[in-house]
Amino acid sequence: MKKLLITDVDNTLFDWQKLWYECFSAMSKTAIEISGIEEDEFYSECSKLHQKYGTSEYAFVLTELPSFKRMYGERVLEAMQPAIDSFRKARSENLHLYPGVEGALDRLRDAGVTIAAFTESKAFYTNYRFRKLGLDQKVDYLYSPVDHDLPREASSIRKYSPENYLLKSTEHRFTPDGEYKPNPHILLSIIEELGFNTEDTVYIGDNLLKDVFMAQQANVTDVYAAYGAAQHRAEEYDLLKKVTHWTPEMVEREQAALKPGAINPSHTLSTTFSDILEIMGI
């Protein structure tokens with residue numbers, strides 16, 4: 001039996017692309033209707049902010065949009081509240097684990113497997129999703145990048161005391177600043193830090209380049225979460241590329257990795273995360 005499972009998070013444990021698309025689309029539609037801004041201008045300004053902060057889900061994008069600051073001055077937050085409400089409604093409707101994930105994680109923990117999550121999403125967003133998805137009770141360790149800088153008013157708009165926003169069970173650790181997948185050295189350092197070796201470990205993720213190729217380069221058993229691959233959903237993926245923080249080079253590398261035969265996974269899960277149990281030897 002394998003002793004350590006390291007799992008990607010977005011599009012592996014839940015449908016991140018659909019969540020992002022539904023939330024961003026709902027927010028954008030309302031913000032554009034309120035302001036009358038041209039769509040292309042709105043998306044262009046969002047993209048620049050996403051590039052600045054290194055994330056495609058910058059929570060304060062509306063209040064920092066140059067056009068909105070010119071239109072509303074200090075009243076941006078008030079003017080855009082309906083757009084923020086649209087975002088939150090869509091988030092509550094679309095944030096849920098893939099079928100089979102919860103039960104499989106429980107089976108793994110019952111069998112004594114250590115579970116670590118390794119994501120490129122910033123700590124601020126990953127922490128929220130871990131708490132809301134119940135992953136705080138099911139994953140032992142979470143590795144993510146540190147947060148980008150937050151606006152000064154970020155703490156003042158939170159409803160609860162700071163301890164309410166902390167993970168209770170999962171130990172949150174941080175990956176080196178400026179290092180991103182596919183980086184086999186980070187993966188190997190996580191395995192070593194947790195006291196295991198590569199033979200003990202299985203790594204699962206939805207991205208052929210960032211996940212499968214990385215695991216193969218580290219000589220770790222790789223599992224492709226094909227059920228979570230979402231680039232073929234053109235409407236969602238096209239909007240993401242329009243406002244993404246990815247550079248053109250990053251997009252080109254990902255497209256190349258998707259060509260048939262470019263990267264061949266050792267194991268593929270086509271329908272459900274729970275099939276990982278057999279690969280783990282459970």
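1. In which hand of crossing does α1 pass α6? The crossing is right-handed; a crossing has that hand if the near helix is turned clockwise from the far one by less than a right angle, and is left-handed if anticlockwise.

2. The model is predicted, so that local features need pLDDT of at least 70 and side-chain atom pairs count only at pLDDT 80 or more, while totals for chains, interfaces and linings use all residues. Residues are numbered from 1 along each chain as its sequence is written, and side-chain values use heavy atoms, with hydrogens and water left out.

3. Helix α1 (residues 16-35) and helix α6 (residues 81-94) pack at about 160°, their axes 8 Å apart. The two are therefore roughly antiparallel (angles over 145 degrees; 65 to 115 count as roughly perpendicular, under 35 as roughly parallel and the rest as oblique). Axes are lines fitted to C-alpha atoms, for helices over the stretch in contact, and angles run from 0 to 180 degrees between N-to-C directions. Helices are DSSP runs (H or I, at least four residues), numbered from the N terminus.

4. Contact (heavy atoms within 4.5 Å) joins residues of α1, including Leu19, Met27 and Ile34, to residues of α6, among them Phe87 and Arg91.

5. Helix α1 also meets helix α11 (residues 234-243), where the axes come within 10 Å and cross at roughly 70°. The pair is therefore roughly perpendicular, and its crossing is left-handed.

6. In this second contact, Trp16, Trp20 and Phe24 are among the residues of α1, and Tyr237, Leu239 and Val243 are among those of α11.
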